[in-house]
Structure formats: structure tokens, C-alpha cells
Amino acid sequence: MLRLLTLETRRLLREPLALAVLALTVLACLLAGLSGRAVLDQQLAGRAAFAQSSSDAADRIQKQIAEATGPADVAFLPVRVSSPIVAPAPLLADFSAGRLGIEPYSATLNLRTRSDTLFRTEQLDNPELLARGSIDLGLVAVVIAPLLLIALGYGLFTQDRESGAARLVLAQSGSPAKLLAARSLPRLAIVLVPLMMTVVALLFSGPAIAGRVDAAMVWLGLAVMSLLFWWSVIVMLNSFRISAETAALALAGIWTALVVVIPTLTVAVAQAVIPPPSRFEQIAVARLAEISATQDYETDHPELVSEDMQGWQASMRKSATINATVEDRVSPLSQAFDARLAEQQDMVRRLQMLSPPMLASDALASIAGTDEMRFRSFRAAAILHLAAVKSFLASQLERDSVMSQADVDAIPEFSWSPPPPNYVWALALLGACTALISAISLNRFGALRLE
Amino acid sequence: MTQASSAIARKDLTEFVRDRRLGVAALVVLILALAAVAVSFVRIDSHERDRTYAEALDRETWLNQGPRNPHSAAHFSSWAMRPITPLAVLDPGVGPYAGNAIWMEAHNQNPPRNRPARDNASAFDLGQFSVGWVLQLLAPLLLFVVGAGLIARERERGTLRLMLVSGADASSLVARKLGVLGRIAAMMILPIAAAAVAAIALLPGANAADEGWRVAIWGGSYAIYLFVAVVIAIAVSAMSASTSRAMMLLIGLWLGATLLVPRMAASVAAVVAPAPPAEVFAAEIARDRATQASGHDGSEEAFVQSVLRRYGVTSEADLPVSLAGLELEESERQGNLIFDRRFGELEAVYTRQREAARLAGVVSPLVSIQNISMALSGTDMASQIAFQRQAEMHRRSVITLLNNDMAKHGKGQDFDYLADPKLWSTIPVFVYQPLPLGVVAQLVWPDLLILLAWCALAFFLLARARRHISSSAL
């Protein structure tokens, strides 16, 4: 077996196509690694800047309280203090960028913040580059590597059939299983080794975040399983009595359908069938609510005109009450929006069964901590925290005394645990498909010996 | 000689029709493209309905806000909502990834919000389903798959040499093969183009004169792009020993040109000219603003003195205007300097990224056709920046109108002054003006040049293919 393996490896390495595939894989992995590092660095730099500005803001409040000479100096603290929230950096932002380019991960919450306008800091990644897409290891594993495997494997056995050497090759190798193993291992290695080396390089050069190594191992396991799925498909196509040209055409067709067409259609169909409510309407309704609430409040509270402590507090209460009223009116729209998105998500999850690569890609993003579910969970936790912060600050407004440093320190702190990665189903499905297709292929190849 | 070549062309077309695999693939691409037209039509129509309704509702809210302090109204202000022009049926461009609504409030230049891509349910994104996507990605793949065997298969069967010895010369053979593949491409693309034009005409806001030119240039550019694909397919087929080899090489080229190079270009551009993280950008603006007067506290003594001098009075009480209104306007002026600098720097980063990415057009024509397609559809980054700039100009003019009203009528009352509700109707509505075709042409001419260079390369490849066929027959 070892001799056969050595022979096949030598033969493969003499083929220009195999060398071209190796060069392409190395190039793709290198670029994915560099691009991944840039993404990770940007994520860390953004969080560092946010931590610094939050700390500066807290220092300014502390100084204001310490240097206050009377209640007037700190009267407006309930509307000026804030609670900064930030999602921890994803474990593997450098592996699968997922939705990092478009999702906000920090916000500053105060008495005037509303859940529908919670994230005012929009990511500034160039939309043009986002539209073109970027290279990350996830893309290499799910999109590029399968096509490279197809290039290496479309003629795995079909070419022997075409040349009439199939029986001879089978006889020389001893058994079809040995022949397949000897031909498969070096071909898989050409694609898998650069991928694994890039994973190791990113782990060694990246930050030491708790859980990162474990996540990387799971990520790699799923990526390998995804490639084994493709290899099983390639081997099965080779078990049919078809020409190398037909095998190439069929594999390219399967790849195009599973990787390009079905995922793009899945998202388009989900959006067409379950369109989300209008974001524009949400804005307009919130503004209408704001004006109505302001007018109602001013009619009911003539004391607002006074320029003393009582007047200031009344003004702040007005702000809080209007905010709460608008929140109440916009909340059904926001909930409808979230419900629609959840429905869309469910539909996409069901349709994903038609495309194992899409399933694998989303699972890889989930392991990396860059998927939609994680950001949704963060938004939900932020909205809950906002309610707690506003409730605390509103209670401060009801008191007769001004806020002290102890009160500021007592503002609820944000804590959020990212949801566990959602990959088991993808791994199980890919594993089951791979096992089933491999069993069929081996059975078909086994029958060849009897011909 | 011509008869032999015509017979070859007829044979190829018959083979294509009889080969169910290719027929089904072509049909699938055609159906996908037509579905893309329908999906884009519904998306744009729905977006425009939502936008018009929301804008009307918001205008009503603005007009009916009653007596109010102009600065309070300036904080409330209004939103700029970006329309989608009918041409976006062809190519959604950066639309899904860029915010389509900007809050034009006092004191702040806000970045656009509401990115439609945020509402996508999956992180797996190989592009937005559209006519442009089908023509950019799937059409070349289909042409490559169909074209791979056109000459290589003749060589495999030994019929290539037979054809040449029976009178068909290499030039006419290549021309006929080119014609066959060209006809297949046309059969697929003409219905798509017709459906897209019909969809554009049916959408509200269509402007026949301007859009006619844009569609014509758009179609011509795609014709060049697909011609390049056709020629590459024929050339590779002519130079390959077998159909399967030709197919693998062509699929490899397709992978490189459509999935690798544009993404590499985007990744390299992001590394060469990195955009600042949003948090860093916000912190820098906050730091700049911290050194500047807000307009609320009256702390700018130098400004107060200059106002007193301008009005020839010695005390604030003698001023014929509201000092608070003037201070607010001064604060806006200073803030705008900061915004101009910071947002200017950000736009410069985007421009450098665009230039870096554009270079990849030399390696893959897809990058150039993407730029041309987005620009002509009015969905490129230049159009997005035009929207943002127009919204910012509108914000500034509206805030100035409101501050001036407070300065003029708010003497002695300042922030307690309530403006006459008639003021709200004098505030103009934001109307986005798409970039004119002349400006678009200036932006995309380098991409057009690159595409034409690809066309020249295609002719060179054709000549090489002819020579290769002639020499292989000897």
C-alpha cells in the first residue's frame, strides 16, 4: 500500500495541473491568512478605541462630580452618564469574517437611547469592497478548495477507463479500495495541508484569546469534513461509466449548483417570500410618535419653563417620558421586524439542506463567532440592558438629590455570553452524506473487480 | 471552403441542441436571469413604495409639529432616504451593503444607516441575485463549458485534421466556432436584455433618454465582456489536447477571474488603504468636537465680541438678534470643518481602495465590468457618496435656515422662542439627484479602456489559436 501511495504521489507531483492546484491553494491560503489578520487587527483596534473613549467619558464624569461646587454642576448627570456596551472580539475573526463588515458591536446607552436607534456607530468598511467580497479561510474551505479538488479528481478513474487501462491499474493495485486510497490521499493533501498550515500560522500569530485553539480545531474539523464530502462526490462520479469530460462537466455543474446558485437563490427566495417590514416606515413612525409625545407632554407640563433645579429635573423627566412613549410606539414595529427576520432565518435554515456548502459556511461562521445568530443575540442582550439602564436612571430622576459617584458606579453593567456555536447539525449532515456517498462509491468500485 | 465551414457551424449548433446536458445548463441560466429580473423588479418597486410612503408621512409630521423652537426642530430635523433608480434592475451594486437612510440632525454628520445586507439570514454571500450577477458569473461559466469542446473535441475525434485537409482553413474554422458560441451567447442574453429593459420601463421614475443611453452602454460593455469569454473559450479549446483538459483549464480560469481575483483585489485594497474602525472614527470626531463650542453654553467670548463689533453695539442686550441663534450657526460652521476633514479623509480612503481594486481589472475583466455595470446602474460607490454629500449639503442648508430664523426672531427668548409653524413649510424637501451620465463616463473610462484592452487580447488569442490549429494539422 505504501509503495502504491508513493508511486501515485510521485506521478501526481509530475502533473502540471497538480502543481498549478498546489500553487493556487497556497496563494489562496496566504491571501486568506493576511486578509484574516487585517480583519482581526481592525476588530481589536476598534474595541481598544471604544474602551479608551468609554474610559475617558467615565473619567470626565468622575471629575465633574469631584469638582462640583453645587447641585447645579451635576444636575444633568442622569442624562449625561451612560453605559458602554461592547461585544467581545469573535474567537476566529481571522478565519471566517462572516458579517463583521456590516454589524455594529459597540454602543453607548443612556436615558435618551432607544432600542431602534441603539447602534449609532455604523461600520465604515467600504460598501464597494463588501459587494465584491473578500477572501478568508472559510471561503477557501467552502468555495475554492472544492473546485480545486474537482480539478484534481475528475479523472481519478474515468481517465483510466477512457484510455483502456482501468483493468490493468486495478489489477496492479490489488484492490479498488487500495487504489482509491493511494490516489485520494496525495490529492487531498495538496489542498488540506496548506489549509491546515494556515490555521496553525493564524493561531500562532494571533492573540491569545481563551477558547480560540479549541474553536480553531472544531473549525478545522468541519472544514475537513466539508472537503471530504466533496471528495466522496468526486469519487462517486468516477465510479460511473462516463468520460472524463462528462465527469468534469457534471462535477462543475454540481459545484455551481451547490456553491453558487442554491445559496444565492435561497437568500433571494427567503427575502421574496418573507419580505421584512419597511425600515423607512419604522423611522417615520418613530418620528411621528416623538412629535406627538412631545406635544402631549408640553401641554401637560407647564413647569418646564422654569430655570431652576425643579425645572431641570422636569426637563429631564420630559425627555425620559417622551423616549419611553416613542419606544412603546416603535416597539411593535421592531418586534414585527425581528419576527420577520426570524421567519426568514428559519426558512433559510430549512433551504440550507439543499446546499451542504452553505450549511458548512454558516456553521464555520458560527464557530468563528461572526454569524448572524451571534449578532442577533448581542442586539437582544443590548436591548434588555438598555431597559435596565433606563430604569435605573429614571429612578435617579425621581429622587430629590443629585447623582453621586456611588450612584454612577451603580449603573447596571452589561454582561453577555455569546450563544454556543451552531455546527453539530452541519457536521452530522456532512458526515452522514460523506459516509453514504463513500459507501455507494466503494460498493460500485468493489463490483468493478468482478467484471 | 466556406461550405465546409458552414457545415461545421451547423453541426456544432446541432450538437449543442442535442447535448441535453448543455441545453439544460443554458436553460437554467436563462431561467435564473429572468427570475433575477423579476426579483429585482419586485425589490425595487417595494423599496420605492416604502420610501415614498415614509417620506410623505415624515413630511406631514414635520409640517404639523406646531409652534416649536427652531433648534429643537433642528435636532428633530429629517431623514434623507435614498431612492433606487429603475436601472438598479440591472445591477444592485453596493446598494445592499450601503446604508440608505441618513439622519440630518443638528451638530452631527451621521453616516448612512439601514444596510439591507444586515437583514440577510445567512453569512454565506457570493453576490446579490440579479441580472448583473448572472451575466458576470454564470454566463461566462456556461460559455466556457460549452466552448471547451468546440475545437478540442474535433481534435480528440481526429476530425480536426480531416476538416483542414478537406478545405477548411484555420481562420474560417475559428471564425465559425466563434460564431457558434456567439450565437449561443446571444440566444441566452437577448431575452434577458429584453426582460430587463421591459422591467426598467415599467418601474416608476424611468427616464427614457438618459436610461436609453445607459442601457445601451451597459449592454455594449457586457457584449465585450462576453465576447472576451467566448474568445478565451475558443482559444483554450484550440490549444488543448482534450475536452476535459480544456474544461478544467477554463473552469480554473473562471474560478480565478470571477471568485479569486475580485475578492483578492478587495482584500488587498482593504490592506493597502485600511478604513478606520467605526469606533476609532467616532472617537476622533468626538475629540475634535470636544475642543469646539457647542453653541449651547455661550462660552465663546471671542465670537461674542466679534458679533458685538459686527452689529456696532457694546452689550449683548443691545443686539437686534438672538445671540444663541448666531452661536448655534457658528458651532455648525466649526463642526462642518471637522466633518469635512474627517469624512474627506474617509472618502479618500475609499477612493484609494477603489483605485487599488481597479488595477485587478488587468488580471480579470470581471472587475472592470463590475465597475462599469454598477456605475451605469447608478448603484456604485460614487453614487452612494453623491447621496451622502447631497444629504449633508441639505442638512447644512436646513440647519442654517433654522438657526437664522432663531437669530432673527428669537431675540430675548433664545431657546424659549417658538417659531411660527409656517416656518416648517419653507424648509425644502431632500431630493436625491443621480449622477449625470457625463460624470459616470468620467468615472468609468479607465474601466472601459481596460475592457477594450481585454478585447485586444482576445483578438491576439484568436490569432494564436489559428496558428496553433494550422501547425497542429501539419
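Where in chain B is the place of B:Asn114? I looked this up in a predicted model. B:Asn114 sits in the loop between strand S2 (101–104) and H4 of chain B.

**Entry: backbone at B:Asn114.** I read a phi near 70° for B:Asn114, which is a positive value in a residue other than glycine.

**Entry: backbone at B:Ser77.** I noted a second residue that is not a glycine and has a positive phi: B:Ser77, at about 45°. I located B:Ser77 in the loop between helix H3 (70–76) and S1 of chain B. I recorded B:Ser77 as partly exposed because it has 19 C-beta neighbours inside 10 Å.

**Entry: the contact between the chains.** I looked up the contact of chain B with chain A and found 82 residues of chain B in contact with 80 residues of chain A. I listed the elements of chain B that each supply at least two residues of the side touching chain A: helix H2 (20–63), strand S1 (78–81), helix H4 (131–157), helix H8 (243–272), helix H9 (278–290), helix H11 (323–359) and helix H13 (381–409). Which element gives the largest share of that side? I found that H8(B) does, with 18 residues. I also sorted the side of chain B that touches chain A by class, and recorded 51 nonpolar, 18 polar and 13 charged residues.

Notes
Residues numbered from 1 in each chain as written. Chains lettered and ligands numbered in written order. Predicted model: local features only at pLDDT ≥ 70, side-chain atom pairs only at ≥ 80, totals over all residues. Contact = placed C-beta atoms within 7 Å. Helix = DSSP H or I, 4+ residues; strand = E, 2+ residues; numbered from the N terminus. Nonpolar A, V, L, I, M, F, W, Y, C, P; charged D, E, K, R; others polar. Buried ≥ 20, exposed ≤ 12 C-beta atoms within 10 Å, placed from the backbone.
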